[in-house]
Amino acid sequence: MTFQDIFKSSFLEKAVTFSPMDLFIAMVVAFALGLFIFFVYKKTFHGIMYSANFGVSLIALTLITTLVILAVTSNVVLSLGMVGALSIVRFRTAIKEPMDIAYLFWAIGVGIVIGAGLIPMAVYSSLFIGIILIVFVNRKVSYNPYLMIIHCESDETEQKVWEQLKEKVKKSLLKSKTVSTSGIELTVEVRLKDGECGFVNQIGKLIGVSNAVLVSYHGDYMG
């Protein structure tokens, strides 16, 4: 064995050539579209707490996916090994917002399309998806539901509360009812009339009502 044999590696012999210009163009486009996805995410976010790290991860995910697909398309043998290697990856982070899943798939999809060399498809489809999300997620809905939590002292007070609700709101639906020694707690989903919430003050002033709370409801309620 000579000194040169020590540094001789079959791994280096299998290295394939690639175009630095193609890599640069693909990564620049991926970064630009990742920024666009991040921008749309900020404009359409309606969750409880905004996470800037998740937005940045969308950019990183687009870049990383593009790099992986570029490597896979350059070598068929590498593509088979990459599939096996990525199949053992598991993510434990919980996705709290349903729309976050759509953005994750969007970033991955854009990275795959760019890595495959279909840059115009990635650009046009991203613009279309972004417009659709901005229009539909940010559209004003006049029938946004709210949750109203009311503490009553007796059955008679509960009856008066329901009479007020039927008169003052467009729609009311009982979500939960808790009876204890301290009284009755009602959790009611309500639809307001033209956004008017003055009825909460009137219900709070009823004799036997200790407090009345109106909160925004996005479908994440757990009784």
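This note goes through the secondary structure, the sheet and selected helices of a predicted model.

1. Overall content. The protein chain holds 9 helices and 4 strands. Read from the N terminus, the order of elements is α-α-α-α-α-α-α-β-α-β-β-α-β. The chain has 223 residues, of which 27% count as buried. Of the contacts between residues at least 6 apart in sequence, 71% join residues at least 24 apart.

2. Sheet order. The 4 strands form an open sheet in the order β2-β3-β1-β4, and the pairing is antiparallel. The edges are taken by β2 (171–180) and β4 (209–216); each has a single partner strand, so one side of each has no neighbour in the sheet. From one strand to the next, the twist averages 15 degrees.

3. Strand pairing. β2 pairs with β3 (residues 183–191) in the antiparallel sense over 9 bridges, and in this pairing S180 stands opposite G183 of β3. The antiparallel pair β1 and β3 has 8 bridges; here M148 has V188 in β3 as its bridge partner. β1 is also joined to β4 by 7 bridges, again with the strands running antiparallel, and I149 faces V213 in β4 as its opposite residue.

4. Helix α8 on the sheet. Helix α8 (residues 155–168) lies across β1 (145–152), β2, β3 and β4, and runs at about 10 degrees to β3. The helix has 14 residues, and the distance from its first C-alpha to its last is 20 Å, close to the 20 Å expected at 1.5 Å a residue.

5. Burial in α8. The buried residues of α8 are T157, E158, V161, W162, Q164 and L165. Viewed down the helix axis, the buried residues of α8 fall within an arc of 160 degrees, so they line one face of the helix. The elements that cover them include β1, β2, β3, α9 (199–204) and β4. D155, E156 and K166, on the other side of α8, are exposed.

6. Helix α6. Helix α6 (residues 98–115) has 18 residues and should span 26 Å at 1.5 Å a residue; the end C-alpha atoms are 27 Å apart, which agrees. Buried in α6 are D100, Y103, W106, A107, V110, G111, I114 and G115. These residues cover an arc of only 160 degrees around the axis, which puts them on the same side of α6. P98 and F105 are exposed on the other side of the helix. After α6 comes G117, with a positive phi near 90 degrees.

7. Packing of α3 and α7. Two packed helices are described by the angle between their axes and the distance between the axes. For helix α3 (residues 20–44) and helix α7 (residues 119–137), the axes come within 10 Å and cross at roughly 5 degrees. Angles under 35 degrees count as roughly parallel, and α3 and α7 are therefore roughly parallel to each other. On the α3 side, the contact is made by I25, V29, L33, F36, V40 and T44. The α7 side contributes I119, A122, V123, S126, L127, G130, L133, I134 and V137.

Notes. Residues are numbered from 1 along each chain as its sequence is written. This is a predicted model: local features need pLDDT of at least 70, side-chain atom pairs count only at pLDDT 80 or more; totals for chains, interfaces and linings use all residues. Side-chain values use heavy atoms; hydrogens and water are left out. Two strands pair if DSSP finds at least two bridges between them. Helices (H or I, at least four residues) and strands (E, at least two) are DSSP runs, numbered from the N terminus. Axes are lines fitted to C-alpha atoms, for helices over the stretch in contact, and angles run from 0 to 180 degrees between N-to-C directions. Contact means heavy atoms within 4.5 Å. The expected span of a helix is 1.5 Å times one less than its number of residues. Buried means under 20% relative accessible area, exposed over 50%, partly exposed in between (1.4 Å probe, protein chains only). The arc is that of the directions from the helix axis to the C-beta atoms. Angles under 35 degrees count as roughly parallel, over 145 as roughly antiparallel, 65 to 115 as roughly perpendicular and the rest as oblique.
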